[in-house]
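This briefing covers one protein chain, shown below.

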Amino acid sequence: MRSRKMYDGDVGYELRGQSSQKFRRKGQVKNQNEIEIEIPNGDLTKGRTFFNHNCAGCHDLDQDLYLGPSLRTVYLRRNGSKKFSNYGKDLTAQKFYWTRKKLWEFLENPEKMFPDTNMQLDGVKDPFLLASVIDYLQYLRVFTCDIRGQKQII
């Protein structure tokens, strides 16, 4: 419901009860340069194949496993936000969002970014394959989830 307010003859609108600063939405990523990075376009089928062969042993798409958290909504999710007990201390100490740039840095060499990580992957050295995996993770978040992050039927 909208209410009408007048300030010095000007007419303005605000949502009733939502004028407080704490109710305004903030963007998840403050620095837009973190989103835009020169990552080559990948192939979704190659990314899905790599995920199924190398990642699916420890990660599921929809539920947390003992070895790794779910990855359907990992793109633009805050690190350590899932209630998963096996995160390393380095991962939970930093505050960031899993953007394309962060996913690229992490999947390229996980132990360089977080020395105490439990991830068994040595890193993806092929840039096209790495871009394919990141595109697949972005596809999962954007095209198979609704606004709240719940799985959609596709």
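Setting aside neighbours within four places in sequence, proline 110 is in contact with Thr117, Met119, Leu121, Asp122 and Gly123. The model is a predicted one. Proline 110 belongs to helix α4, which covers residues 110-113. The protein chain as a whole holds five helices and two strands.

**Proline 110**

- Proline 110 has 0% relative accessibility and therefore counts as buried, the limit for that class being under 20%.
- One of its contacts, Asp122, is 12 residues away along the chain, and the C-alpha atoms of the pair are separated by 7.0 Å.

**Overall layout**

- Read from the N terminus, the order of elements in the protein chain is β-β-α-α-α-α-α.
- The protein chain has 154 residues, of which 31% are buried.
- Among contacts with a separation of 6 or more, 42% join residues 24 or more positions apart.

**Nonpolar core**

- In soluble globular proteins, nonpolar side chains tend to be buried together.
- Here the largest nonpolar core contains 27 residues, and Trp98, Phe114, Ile134 and Leu137 have the most contacts inside it.
- Three helices each supply at least two residues of this core: α1 (44-55), α3 (100-108) and α5 (127-143).
- The helix that gives the most to the core is α5, with seven residues.
- Phenylalanine 114, among the core residues with the most contacts, touches Asp90, Leu91, Gln94, Phe96, Trp98 and Phe106 once neighbours within four places in sequence are left aside.
- That list includes Trp98, which is likewise among the core residues with the most contacts.

- The 17 residues of α5 should span 24 Å at 1.5 Å a residue, and the end C-alpha atoms are 23 Å apart, so the two values agree.
- Buried residues of α5 are Leu130, Ala131, Ser132, Val133, Ile134, Asp135, Tyr136, Leu137 and Leu140.
- These buried residues pack against α1 and α3.
- The axes of α1 and α5 lie 7 Å apart and meet at an angle of about 90°.
- Because of that angle, α1 is roughly perpendicular to α5, a class that takes in angles of 65 to 115 degrees.
- On the α1 side, the contact is made by Leu44, Lys46, Gly47, Arg48, Phe50 and Phe51.
- On the α5 side, the contact is made by Phe128, Leu129, Ser132, Val133, Asp135, Tyr136 and Tyr139.
- Sorted by class, the contact of α1 with α5 comprises eight nonpolar, two polar and three charged residues.
- Ser132, Val133, Asp135 and Tyr136 take part in the contact with α1 and are also listed as buried residues of α5.

**Helix α3**

- Arg100, Leu103, Trp104, Phe106 and Leu107 are the buried residues of α3.
- The cover over these buried residues includes α4 and α5.
- Phe106, one of the buried residues of α3, is also a contact of phenylalanine 114.

**Loop between α1 and α2**

- Leucine 76 is located in the loop between α1 and α2 (89-93).
- The phi angle of leucine 76 is near 65°, which is positive although the residue is not glycine.
- With 23% relative accessibility, leucine 76 counts as partly exposed.
- Asparagine 86 is found in the loop between α1 and α2, and its relative accessibility of 23% places it in the partly exposed class.
- Apart from neighbours within four places in sequence, asparagine 86 is in contact with Tyr66 and Asn118.
- Asparagine 86 and asparagine 118 are 32 residues apart in sequence, with a C-alpha to C-alpha distance of 7.7 Å.

**Loop between α4 and α5**

- Aspartate 116 sits in the loop between α4 and α5.
- A relative accessible area of 30% makes aspartate 116 partly exposed.
- Its contacts, leaving aside neighbours within four places in sequence, are Gly88, Lys89 and Asp90.
- Aspartate 116 and leucine 91 are 25 residues apart along the chain, and their C-alpha atoms are separated by 8.4 Å.

Definitions and conventions
Residues numbered from 1 in each chain as written. Predicted model: local features only at pLDDT ≥ 70, side-chain atom pairs only at ≥ 80, totals over all residues. Heavy atoms only, no water. Core = buried A, V, L, I, M, F, W, Y, C linked by side-chain atoms within 4.5 Å. Buried < 20%, exposed > 50% of the residue type's maximum accessible area, 1.4 Å probe, protein only. Helix = DSSP H or I, 4+ residues; strand = E, 2+ residues; numbered from the N terminus. Contact = heavy atoms within 4.5 Å. Axes fitted to C-alpha atoms, helices over the stretch in contact; angles between N-to-C directions. Parallel < 35°, antiparallel > 145°, perpendicular 65-115°, else oblique. Nonpolar A, V, L, I, M, F, W, Y, C, P; charged D, E, K, R; others polar. Expected span 1.5 Å × (residues − 1).
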